[in-house]
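Q: I have a structure to get through today. Can you walk me through it in short answers?

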Amino acid sequence: MKNDDKASISLKKIICITVVLIFLLGIGVMAGNVKVNSVKIVLASGYEMNVLTTKTNIKEILDENHIILLENEKVTPNEDEELSDNKTIIISKDTEEVVISSEVETSENVSVEEVLEENYSKIVEKIVKEKVKIPYETITKDVSTGSGTTQNSVVQDGVDGEKEVTYKVKYQNDKEIEKVEISSKVIKEPIDKIIEVRTRQVTSRSSRTATSNPALTASTTLAKKVADITPEVVTFNTSAYCPCVSCCGKSNGITASGAPACAWYTVAAGSAYPMGTVIYIPYFKDEPNGGWFVVQDRGGAISSSKLDIFMNTHGEALQFGRRDLECYVYVF
Ligand SMILES: [Zn+2]
């Protein structure tokens, strides 16, 4: 044999082997591709059909099954796409939204709370205790006697109480978004403020200018003497005395002014009222003097809030006792 022939045979062998290998490879590739799929096709009418196909291109599968899309129809996946993993082809009207159930991995069980936390940021719930003031109440008691001016006096100061309130508070991003009272406990009861409305007490110093002058209508000599003086109205704590030793410490009947004491005329007053001051006491308006007296005496127990009326007998003085009387004072 010639060397050329030998070489030619070798070459043929190589070509043959190569061809065989390519052929086998081709078969292998073919075998790999030749895979029969069961595909579900959903038509626009809603009709579902299952077809077996070796094809994966959507258009090819449709062609194979003689399905032609109308103008207003679309297919999912698109015609030029490959069959998706769920092996479903859906033909629908162009306007419809197609949702192919995709196989979402739901291996993790996500709780609602976790989703909420994720979506609305952290919501933290805390139990909070707070001390809250209980404001005191103000109670007004009217104890006035119905006449005269009144004044308010505080007989008990109000003190706030305190309670401990338990709240359930929700925070979002550290900001309070909800606060619900769960319970409360009184730690300290409040003390009411008590105000009494009282009739104003008239003291010796409180006097008012009379709105009318009794001297103008009186007929006694004393009244006529003071008719042009505007009197002050004063309430005196009034008592009576007589010329006895018990009442005066002496029994000569001579007053501090030097004049002899005279019943239904002489009164003893405090030093705020000069000797000769005329005093009209309406309480005695029916007495012989018509209620008109003159300050002629002083006394150890006579302060400016007191008035002592001279009477003839100790019995009369005792019977009169002691009483608050409104008087008209005419100071010269
Ligand atoms: Zn007496």
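Predicted model: local features only at pLDDT ≥ 70, side-chain atom pairs only at ≥ 80, totals over all residues.

Q: What counts as a strand or a helix here?
A: Both are DSSP runs, numbered from the N terminus: helices are H or I with at least four residues, strands are E with at least two.

Q: How many helices and strands are in the chain?
A: The chain has six helices and 17 strands.

Q: Back to β9. How does it pair with β8?
A: Strand β8 (residues 161–172) pairs with β9 in the antiparallel sense, over 11 bridges. Two strands pair if DSSP finds at least two bridges between them.

Q: And what holds paired strands together in general?
A: Strands of a sheet pair through backbone hydrogen bonds, either parallel or antiparallel.

Q: How many residues sit between β8 and β9 in their hairpin?
A: Two residues lie between them. N173 is in that turn, with a positive phi of about 50°. That is a positive value in a residue other than glycine.

Q: Is N173 buried or exposed?
A: N173 counts as exposed, because it has 10 C-beta neighbours inside 10 Å. The cut-offs: a residue is buried if 20 or more other C-beta atoms lie within 10 Å of its own, exposed if 12 or fewer, and partly exposed in between, with C-beta atoms placed from the backbone.

Q: What is the strand order in the open sheet with β8 and β9?
A: The order of the three strands is β5-β8-β9, with antiparallel pairing. The edge strands are β5 (123–134) and β9, and each pairs on one side only. The twist averages 20° from one strand to the next. For such angles, axes are lines fitted to C-alpha atoms, for helices over the stretch in contact, and angles run from 0 to 180 degrees between N-to-C directions.

Q: How many bridges join β5 to β8?
A: There are 12, and the two strands run antiparallel. K133 stands opposite E162 in β8. E162 also stands opposite K188 in β9.

Q: How many residues of β9 are buried?
A: Zero of its 14 residues are buried, so β9 lies largely in the open.

Q: Where is S184?
A: S184 is in strand β9 (residues 175–188). It counts as partly exposed because it has 15 C-beta neighbours inside 10 Å.

Q: Which residues does S184 touch?
A: Leaving out residues up to four places away in sequence, S184 touches K163, E164, V165 and T166. A contact means that the C-beta atoms of two residues, placed from the backbone, lie within 7 Å. S184 and E164 are 20 residues apart in sequence, but 5.5 Å apart in space, C-alpha to C-alpha.

Q: New topic. What is the order in the sheet with mixed pairing?
A: Three strands form an open sheet in the order β6-β10-β7. β6 (138–142) and β7 (150–156) stand at the edges with a single partner strand each, so one side of each is left without a neighbour in the sheet. Neighbouring strands of this sheet are turned by 25° against each other on average, direction ignored.

Q: How do β6 and β10 run?
A: They run parallel, and five bridges join β6 to strand β10 (residues 193–199). T138 stands opposite K193 in β10.

Q: What about the core? Which residues have the most contacts inside the largest one?
A: V267, I279 and C327 do, in a nonpolar core of 32 residues. Here a nonpolar core is a set of buried Ala, Val, Leu, Ile, Met, Phe, Trp, Tyr and Cys residues joined through C-beta atoms within 7 Å. Apart from it lies another core, of six residues, among them V39, I58, I61 and V75.

Notes
Residues numbered from 1 in each chain as written.
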